[in-house]
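Here are a few notes from going through this model. Have the structure open while you read.

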Amino acid sequence: MFSTRYLKRNNICGINLARIRNGKRPYISQAKMAERLQLAGFDADRHVIRRIENGKRFVTDIELKIMADVLGISIEALLTVPKED
């Protein structure tokens with residue numbers, strides 16, 4: 001049976017979102033990320049960002065595009081599957 005989950009997560013992009021967001025200088029907090037997303041038309045708060053990063057929330061293609069644009073990265077950067085150790 002087909003599953004919409006990956007490694008018990010509802011998205012792939014959350015791990016990458018957290019890594020990229022935390023690596024930005026100056027640092028972008030979850031609240032600041034939510035604020036930037038709101039300005040771009042994605043109704044989010046820091047709880048939404050936390051749920052995405054924890055893999056608890058599904059992410060639509062539109063949301064993925066807005067997140068990539070806000071961070072100045074490609075959609076592919078958010079969708080790259082982390083390598084297992």
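**Notes on the helix packing**

1. Start with valine 70, which sits in helix H4. Bear in mind that this is a predicted model. Valine 70 counts as partly exposed because its relative accessibility is 22%, and buried would need under 20%.

2. Who does valine 70 touch? Setting aside neighbours within four places in sequence, valine 70 is in contact with Met33, Arg36, Leu37 and Ala40. Take Leu37: it lies 33 residues from valine 70 along the chain, yet their C-alpha atoms are separated by 6.7 Å.

3. On to helix H2, residues 30–39, where the buried residues are Met33, Ala34 and Leu37. Looking down the axis of H2, these buried residues fall within an arc of 100 degrees, so they line one face of the helix. They pack against helix H1 (13–23), helix H3 (46–53) and helix H4 (61–71).

4. Beyond its neighbours within four places in sequence, phenylalanine 42 is in contact with Leu37, Val48, Ile52, Arg57, Glu63, Ile66 and Met67.

5. Now the largest nonpolar core, which has 18 residues; those touching the most other members are Leu17, Met33, Leu37, Phe42, Ile52, Met67 and Leu78. H1, H2, H3 and H4 are the elements that give two or more residues to this core, and H4 gives the most, with five. As background, nonpolar side chains tend to be buried together in soluble globular proteins.

Methods:
Residues numbered from 1 in each chain as written. Predicted model: local features only at pLDDT ≥ 70, side-chain atom pairs only at ≥ 80, totals over all residues. Heavy atoms only, no water. Buried < 20%, exposed > 50% of the residue type's maximum accessible area, 1.4 Å probe, protein only. Helix = DSSP H or I, 4+ residues; strand = E, 2+ residues; numbered from the N terminus. Arc of directions from axis to C-beta. Contact = heavy atoms within 4.5 Å. Core = buried A, V, L, I, M, F, W, Y, C linked by side-chain atoms within 4.5 Å.
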